Amino acid sequence: QVQLVESGGGLVQPGGSLRLSCAASGSIFSINAMGWYRQAPGKVRELVAFSISGGSTNYADSVKGRFTISRDNAKNTVYLQMNSLKPEDTAVYYCNANLRAAATGYNGNYWGQGTQVTVSS
């Protein structure tokens, strides 16, 4: 019953900005961490940014200084503000959460459906 719902993807020109959102819902006891991965054609899925409970974050070297991850704990939502976008940022972006499901009491990883981000002129 746990679900991650993403929004905010789309087409943008180089140098532009997008803001991705991911809301976790369902029978959730607690969220340990939330973040974003991406997968471009022909490439492996890679970590983009991650936020751990307590405030620590980490970013891929390729997005440092351009992307910012943030969380709204009251809404169980994570955001990814993407600025100065480059064509090489084009990928399907996936939300990921490590959380404890209320139904089982177990920790586990959950994935969103993915949202396409295309950076092109």
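The model is predicted, so local features are reported only at pLDDT of at least 70 and side-chain atom pairs only at pLDDT 80 or more, while totals for chains, interfaces and linings use all residues. Residues are numbered from 1 along each chain as its sequence is written, and side-chain values use heavy atoms, with hydrogens and water left out.

The protein contains 11 strands and 0 helices, where strands (E, at least two residues) and helices (H or I, at least four residues) are DSSP runs numbered from the N terminus. The order of elements from the N terminus is accordingly β-β-β-β-β-β-β-β-β-β-β. The radius of gyration is 14 Å, close to the 14 Å given by the globule rule for 121 residues, so the protein is as compact as a globular protein of that length. This radius is taken over C-alpha atoms, and the globule rule is 2.2 Å times the number of residues to the power 0.38. Along the principal axes, the C-alpha atoms fill a box of roughly 45 × 25 × 25 Å.

Of the 121 residues, 40% are buried; buried means under 20% relative accessible area, exposed over 50%, and partly exposed in between (1.4 Å probe, protein chains only). Among contacts with a separation of 6 or more, 56% are between residues 24 or more positions apart, a contact being heavy atoms within 4.5 Å.

A disulfide is a covalent bond between the sulfur atoms of two cysteines. With a disulfide defined as a pair of cysteine sulfur atoms within 2.5 Å, the count is 1. The bond joins cysteine 22 to cysteine 95, with an S to S distance of 2.1 Å. Cysteine 22 lies in strand 3 (residues 18–25) and cysteine 95 in strand 9 (residues 91–101), so the pair ties together parts that are 73 residues apart in sequence. The torsion about the S-S bond is about -85°, so the disulfide is left-handed. Cysteine 22 is buried at 0% relative accessibility, and cysteine 95 is buried at 0% as well.

Glycine 15 is located in the loop between strand 2 (10–12) and strand 3. This glycine is exposed, with a relative accessible area of 53%. Leaving aside residues up to four places away in sequence, glycine 15 touches Ser84 and Leu85. Between glycine 15 and asparagine 83, the C-alpha to C-alpha distance is 7.0 Å, although 68 residues separate them in sequence.
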